[in-house]
Amino acid sequence: MRNSFLCLFVFAVANMGAQNNMADILASIETNNPELKAGAQIVLSQKAEVSSQNSLEDPRFEFGHLWGADNTKDRKYDISVSQSFDFPSLYVQRYEIGNLKRTLYDGQQAVLRQQILLQAKELCLQVIYLNRSIRLGNERQAAADELVKLYRERLTSGDANILDVNKIEIEQLNSTTSNIQRRNELAACLAQLQALNGGEPLNLAESALTEYSDRELPASFDDLKEQALQSDPELQMLRQENQIAGAGGILMTVTFPPRDNVIFAKEGFMIVALAWLLLSAIGALPFVISKEIPSFCDAFFNLLQTFLCENFQEFL
């Protein structure tokens, strides 16, 4: 009895580290994959770089000697400290762009994670297919061996000829070759999975990756498509890049405004008309305040007429 409990305990401990399903294998690969680890470190460094771009520059210290003192003890020194900074609006804009960049870097890491886990899942599905094929191949091999044995007995008794035996032996050879080929493919897939796991052994259980998991079909494929489009990391990354490009254009416009100072005819006409209206409105205020002309409209139009008449006479 004690030996039975001991055997069960040893078997349980041995299977504690074994991967029993595809989810455990994908979780192990997500933890141990070297590309994902390197990508996470790159994302951290990129975020740190973005944070450093929106900080103040280092202050500058200058030390100068003031000459002219007769005595050495009377010499004086000048120490100046200067700090450069930009407008606060630029720091706000850079902070918003920094947040977009951080989200973009997280999206790039999510895309990398999706690609690696998708590759691992395809390998797991291939392993399941090969395991099922090997199981069917073993049954076919056993049937071929039994059939070869039967036909040899019939050949000995004279109920079969050598051609029938050769056909059965060729079928047996094909079954053996197919099984060897599938086992080689299975070993190659498991080696790729181990490479994705960072070289760490997966410790697959005997019952692992032998059957497909049962999944229900969605009720509406349109809803599934919309959900996939909303949650796809590549599309999210493209949206973030678009937002960063728009915010970067606004920042460049604020930092480096356009230097084209050419005024065309339509802008000139608009400036002159607005200047006449503004000067007439300002000039009408003294007449209204002194009550020489009680109505602001009368004072405004009188001054506007005066400006227009004087300019028209000068034009003539």
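Reader: Which residues of α3 are buried?

Author: In this predicted model, the buried residues of α3 are Leu36, Gly39, Val43 and Val50, where buried means under 20% relative accessible area, exposed means over 50% and partly exposed is in between, with a 1.4 Å probe and protein chains only. They sit on the same side of α3, because they cover an arc of only 55° around the axis, the arc being that of the directions from the helix axis to the C-beta atoms.

Reader: Why do residues three or four places apart point the same way?

Author: An α-helix has 3.6 residues a turn, so residues at that spacing point the same way.

Reader: And which exposed residues are on the face turned away from the buried side of α3?

Author: That face carries the exposed residues Gln41 and Leu44.

Reader: What should the 20 residues of α3 span?

Author: Helix α3, residues 34-53, should span 28 Å at 1.5 Å a residue, and its end C-alpha atoms are 29 Å apart, which agrees. The expected span is 1.5 Å times one less than the number of residues in the helix, and helices (H or I, at least four residues) and strands (E, at least two) are DSSP runs, numbered from the N terminus.

Reader: What caps the N-terminal end of α3?

Author: Asn33 does, with a side-chain oxygen 3.0 Å from the backbone nitrogen of Glu35. A polar contact is a pair of N or O atoms within 3.5 Å; within protein, one must be able to donate a hydrogen and the other to accept it, and residues adjacent in sequence count only if both atoms are side-chain atoms.

Reader: At what angle do α2 and α3 pack?

Author: Helix α2, residues 22-32, and α3 pack at an angle of about 50°, with their axes 5 Å apart. That makes α2 oblique to α3, since angles under 35 degrees count as roughly parallel, over 145 as roughly antiparallel, 65 to 115 as roughly perpendicular and the rest as oblique. The contact (heavy atoms within 4.5 Å) is made by Ile29, Glu30, Thr31 and Asn32 of α2 and Pro34, Leu36 and Lys37 of α3. Axes here are lines fitted to C-alpha atoms, for helices over the stretch in contact, and angles run from 0 to 180 degrees between N-to-C directions.

Reader: Switching to Gln109, is that residue buried or exposed?

Author: Gln109 is buried, with a relative accessible area of 18%, and lies in helix α4, residues 88-157. Not counting residues up to four places away in sequence, Gln109 touches Leu36, Gly39, Ala40 and Val43.

Reader: What about Leu196, where does that one lie?

Author: Leu196 lies in helix α5 and counts as buried at 11% relative accessibility. Leu196 and Leu36 are 160 residues apart in sequence and 9.9 Å apart in space, C-alpha to C-alpha. Among the residues that Leu196 touches, leaving out those up to four places away in sequence, are Ile29, Asn33 and Pro34.

Reader: How many helices and strands are in the protein?

Author: There are nine helices and two strands, and buried residues make up 20% of the 316 residues.

Reader: How should I treat the numbering and the values?

Author: Residues are numbered from 1 along each chain as its sequence is written, and side-chain values use heavy atoms, with hydrogens and water left out. Local features need pLDDT of at least 70 and side-chain atom pairs count only at pLDDT 80 or more, while totals for chains, interfaces and linings use all residues.
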